[in-house]
Amino acid sequence: QVQLAESGGGLVQAGGSLRLSCAASGNIFSISAMGWYRQASGNERELVAGFATNAVVKYADFVRGRFTISRENANRTMYLQMNSLQPEDTAVYYCRRQQWERDRFKDYWGQGTQVTVSS
């Protein structure tokens with residue numbers, strides 16, 4: 001099992017910044033993908049930014065150069081630096097890890113951290 005612990009959410013004014021962190025612990029395997037997702041009230045969960053298994057980074061179009069994803073600690077810790085935040089960025093942000101275990105990919109999610117951007 002893998003545990004994902006997110007932190008760094010909060011309330012910020014429009015134009016402000018936040019940095020989210022996700023720490024992975026437990027049975028970590030090297031072939032993995034990690035990413036940040038978000039879910040606003042009444043909406044489906046959507047990808048914000050992520051690392052594929054080959055380390056290629058993908059950003060959602062709505063990021064528009066405002067967010068930067070990074071990772072360290074043998075890919076056990078992942079960050080999302082969010083700048084120029086707007087009210088439409090208000091959502092619960094989730095960390096996701098998919099890793100190859102024995103014969104298939106297993107999927108893990110964090111509990112989420114609330115980001116609220118006031119206008």
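Guide: Let us begin with a term: helices (H or I, at least four residues) and strands (E, at least two) are DSSP runs, numbered from the N terminus. Along the sequence, this protein follows the pattern β-β-β-β-β-β-β-β-β-β-β. The model is a predicted one, in which local features need pLDDT of at least 70 and side-chain atom pairs count only at pLDDT 80 or more, while totals for chains, interfaces and linings use all residues. Residues are numbered from 1 along each chain as its sequence is written, and side-chain values use heavy atoms, with hydrogens and water left out.

Visitor: How many helices and how many strands are there in the protein?

Guide: The protein has zero helices and eleven strands.

Visitor: How does one describe the overall dimensions?

Guide: One value is the radius of gyration, taken over C-alpha atoms; it is set against the globule rule, which is 2.2 Å times the number of residues to the power 0.38. Here the radius of gyration is 14 Å, close to the 14 Å that the rule gives for 119 residues, so the protein is as compact as a globular protein of that length. Along its principal axes, the C-alpha trace spans about 50 × 25 × 25 Å.

Visitor: How should I read the way in which strands are paired?

Guide: Two strands pair if DSSP finds at least two bridges between them. Strands β4 and β5 (residues 46-51) run antiparallel and are joined by five bridges. Within this pairing, G35 has G50 in β5 as its bridge partner. The two strands form a hairpin with six residues between them, and G42 in the turn has a positive phi of about 80°.

Visitor: Over how many bridges do β5 and β6 pair, and in which sense?

Guide: They pair over three bridges, in the antiparallel sense. The partner of A49 in β6 is Y59. This hairpin has five residues between the strands, and A55 takes a positive phi near 75°.

Visitor: What does it mean to call a residue buried?

Guide: Buried means under 20% relative accessible area, exposed means over 50%, and partly exposed lies in between (1.4 Å probe, protein chains only). Of the 119 residues of the protein, 42% count as buried.

Visitor: What is the idea behind a salt bridge?

Guide: Side chains of opposite charge can pair when their charged atoms come close. The criterion is a side-chain nitrogen of Lys or Arg within 4 Å of a carboxyl oxygen of Asp or Glu. The structure holds five salt bridges.

Visitor: What do the side chains of R38 and D89 form, and why does the pair tie together parts of the chain?

Guide: The side chains of R38 and D89 meet in a salt bridge of 2.9 Å, N to O. R38 lies in strand β4 (residues 32-39) and D89 in the loop between β8 (77-82) and β9 (91-101), so the pair ties together parts that are 51 residues apart in sequence. R38 counts as buried at 6% relative accessibility, and D89 is buried with a relative accessible area of 0%.

Visitor: With which other residue does D89 form a salt bridge?

Guide: D89 forms a salt bridge with R66, the closest N and O atoms being 2.7 Å apart. D89 lies in the loop between β8 and β9, and R66 in the loop between β6 (57-59) and β7 (67-72), so this pair ties together parts that are 23 residues apart in sequence. Both D89 and R66 are buried.

Visitor: Where do R96 and D107 lie?

Guide: The side chains of R96 and D107 meet in a salt bridge of 2.8 Å, N to O. R96 lies in strand β9 and D107 in strand β10 (residues 104-109), eleven residues apart. R96 is buried, with a relative accessible area of 17%, whereas D107 counts as partly exposed at 38%. As for shared partners, salt bridges join R38, E46, R66 and D89 into one network.
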